[in-house]
Protein chains: 2
Amino acid sequence: MAQFLKVKTPDEVLSILNGIQPLPPEPVSLALACGRRFASDITAAEQAPHFARATMDGYAVRARDTFGASESLPALLERSGEVIMGEAPARPVAPGKAVEIPTGGMLPEGADAVVMVEYTSVLDNTAIEITRPVAPGENVLKAGEDIALGETLFRKGAMLRPQDIGVLAALGIVEVEVFRTPRVALISTGNEIVPVETRRLAPGKVRDINNVSLAAQIKSAGARVGVQQRVSDRLEDLVSACKEALIDHDMIVLSGGSSVGVWDYTTQVLAGLPESELLVHGVAIRPGKPTILGRTGKTLFWGLPGQPVSALITCQAFVLPSLRKLQGMMETEPVYARTLKAILNRQLPSVHGRTDYMPVALSRGSGGVMEASPIFGKSGAINILARADGYVVIAQHVEGLDCGAEVSVFLF
Amino acid sequence: MAQFLKVKTPDEVLSILNGIQPLPPEPVSLALACGRRFASDITAAEQAPHFARATMDGYAVRARDTFGASESLPALLERSGEVIMGEAPARPVAPGKAVEIPTGGMLPEGADAVVMVEYTSVLDNTAIEITRPVAPGENVLKAGEDIALGETLFRKGAMLRPQDIGVLAALGIVEVEVFRTPRVALISTGNEIVPVETRRLAPGKVRDINNVSLAAQIKSAGARVGVQQRVSDRLEDLVSACKEALIDHDMIVLSGGSSVGVWDYTTQVLAGLPESELLVHGVAIRPGKPTILGRTGKTLFWGLPGQPVSALITCQAFVLPSLRKLQGMMETEPVYARTLKAILNRQLPSVHGRTDYMPVALSRGSGGVMEASPIFGKSGAINILARADGYVVIAQHVEGLDCGAEVSVFLF
């Protein structure tokens, strides 16, 4: 039956991925929240700063007392103590007076501006000259001027970055609701694969690359790798390994079998799991055509080609986006942080009707222009990916790209 | 004395950072090596694959037996068993014979090419027709064609990515020498700061933002945060906290005091540490001028402004590069993964003689062009950074940038 199912385009697959719902929320302490995604909008329950602060070292004054001041005709103000950092000012600023204040110090009552120390000169213990006027509010961060009470600070699905942690810390938020981190079971299979630590390879055998390289990719997308095992390619062994993984994983990634026969084999594994549904049976891409996506209950099931290059590319192109969706990524999130424009420095042939993922190396060409050099090589040579900085996608209905064309490079 | 030291330009600081030597190497298991940097060049101690492999499903043949084959005049070959995945072929391919082979299967002796299954048709149990000729080597990955024996695979200082892990796994390398991860002590000080978990702030007090936001930045650069504490701003307390941190940290980051007085105070702390040397006393940037870099023995010492926005920007611009150098980053490493070209969508004024770091938000403008919108706001407002995707650097001798100018955005 399976072989009659239509192979999907990458866009069709990505649109299926867009429908993936995030995992349930969980609380996480602020110190561990970086890289996680907000499970709800965050509004400010208090304002910041909660008092007017000086943003410069200088003197807190009433702005009107400095109007008209100049180098030639300075304003003369009476010195009236100083504001101690971290403490409430001892007394208000009366008309005609100036109180010394450090950056971050609390503006005394009565004052509405700070004159920078550079525009003052101390005459004696009691008086200073001001050589430039200040406007009300100048060099002052008013109460609530950074963060207003009730302001929406973050949207559900946004990823927490260090500065966002800083904003939450400013408000005393020490715990935040984020979407749960996906836990992924990695299963590799194939009669040809042996443990990575195997010293001498027997003829026909290769080491199990996928279990380590896919694990590194999955962790780089913020997910956790749980079970990680090699299973014999007997159907019942694979089904039972997957069933076991269902207990405490949100996703199963089964890699193995790039050939036509094994491809159908992976769908048989999926079919052997409870409440299973086949969503994608092959993608019209190279490399990576025999990629399978399904569900078993609430667990996502990926069948990736066993060939390591295909597995790495399809993981990057499809598995990682599905992990980001589980973590709450919004459909509208820009991908600019993971792509870059470059000029193709040679022609890139392609076949109509299939989307090609071509590894490229980046370098600065003449005039500082970013150039992308395609890395050609035999199918299956993993060393090609080690020499690449990213890949270029040649869309299905394009018959290659010209030298000099501007391309988007998806960075590894 | 200190106030007579010349404030440095950002380029002068970065050139000092370029002289930082990496920490000593240490072995790490492959599973934990992603994101670390090679402590030496890696050459291939074996070849990969170690046997010729089919890159397509089909039939292993002698290429000459297919010469001249076409749809109208197919070559007729005798079927001679099949190659089992992961096993040495039972017998060689004799002239006029074809052996079924799966992708990744070991090419039998005698064969030099694989005919794709699409260009064959099985006549009966003993014969197949070939409708397209193959050249020698076609659809075959020869022994050593992916990775040649003795080939230099990776350069010292390169960061390990998932595909690099894959290449090492292919060769059975289960442990790799990488530069040690820097351990950073974070100390915040200031009479005004109180723990983040403080419920109600007293007048003049603010929460300790830096300890959590700087920690998140430092971890994002692959370093570890060790000691993380708030210390009173008494000189002897700070010196003793720093001395304690010297025992098992590679870097001390002291944040606190953005005002002129406290700036000198930080240099006094440095001066109180053993074998200390002041390398940078202030940088001609905004924000972040009162940034200090020194050494105490082998430990790097950063004094960052206490003001959270200045601390975040200077950490991003200087502390993180210094951490990458400690981890072995080479001077020649391109920064394209952390920058992006965009068009400024409004004018950006600046002051001659000072380098400005201006937060910007990114969006797709008309025609899909990436636009950078400067986020203006009062000095010290951390919420500005939460709305920003990165920053633009306006160089020292530039008096602002025009609307429509192409800029490099350093991504957060």
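Okay, let's start with a pairing in chain A: strand 23 (residues 355-364) and strand 24 run antiparallel to each other, joined by 5 bridges. Strands here are DSSP runs of E with at least two residues, helices are runs of H or I with at least four, and both are numbered from the N terminus. Two strands count as paired if DSSP finds at least two bridges between them.

Before I go on, this is a predicted model, so local features need pLDDT of at least 70 and side-chain atom pairs count only at pLDDT 80 or more, while totals for chains, interfaces and linings use all residues. Residues are numbered from 1 along each chain as its sequence is written, and chains are lettered from A and ligands numbered from 1 in the order in which they are written.

Back to our two strands. They form a hairpin with 5 residues between them, and A:G367 in the turn has a positive phi of about 75°. If you want a spot to look at, A:R364 sits opposite A:M370 of strand 24. Strand 24 (residues 370-374) of chain A also pairs with strand 22 of chain A, in the parallel sense, over 2 bridges. There, A:L344 faces A:A372 of strand 24.

Now zoom out a bit. How is chain A divided into domains? There's domain 1 (2-23 + 182-326), domain 2 (25-48 + 146-179), domain 3 (53-141) and domain 4 (336-411). Those bounds come from an automatic or database domain assignment. The C-alpha centres of domain 1 and domain 2 of chain A are 34 Å apart.

Next, where the chains meet. On chain A, 76 residues are in contact with 76 residues of chain B, where contact means C-beta atoms, placed from the backbone, within 7 Å. Elements including helix 3, helix 6 (308-326) and strand 22 (339-344) of chain A each supply at least two residues to that side. The chain A side divides into 41 nonpolar, 21 polar and 14 charged residues.

The axes of helix 3 (residues 209-220) of chain A and helix 2 (residues 162-170) of chain B come within 8 Å and cross at roughly 165°. That makes the two helices roughly antiparallel, which is the word for angles over 145 degrees. Axes are lines fitted to C-alpha atoms, for helices over the stretch in contact, with angles from 0 to 180 degrees between N-to-C directions. The contact has 7 nonpolar residues, 5 polar and no charged.

Over to chain B, where 6 strands form an open sheet in the order 16-13-17-21-20-18, with mixed pairing. Strand 16 (224-231) and strand 18 (276-281) of chain B are at the edges with a single partner strand each, so one side of each has no neighbour in the sheet. On average, neighbouring strands of this sheet are turned by 20° against each other, direction ignored. Helix 6 (residues 308-326) of chain B packs on the sheet, touching strand 17 (251-255) and strand 21 (299-304) of chain B.

You'll find A:P49 in the loop between strand 2 (42-43) and strand 3 (53-54) of chain A.

Definitions and conventions. Angles under 35 degrees count as roughly parallel, over 145 as roughly antiparallel, 65 to 115 as roughly perpendicular and the rest as oblique. Ala, Val, Leu, Ile, Met, Phe, Trp, Tyr, Cys and Pro count as nonpolar, Asp, Glu, Lys and Arg as charged, and the others, Gly among them, as polar. Two residues are in contact if their C-beta atoms, placed from the backbone, lie within 7 Å.
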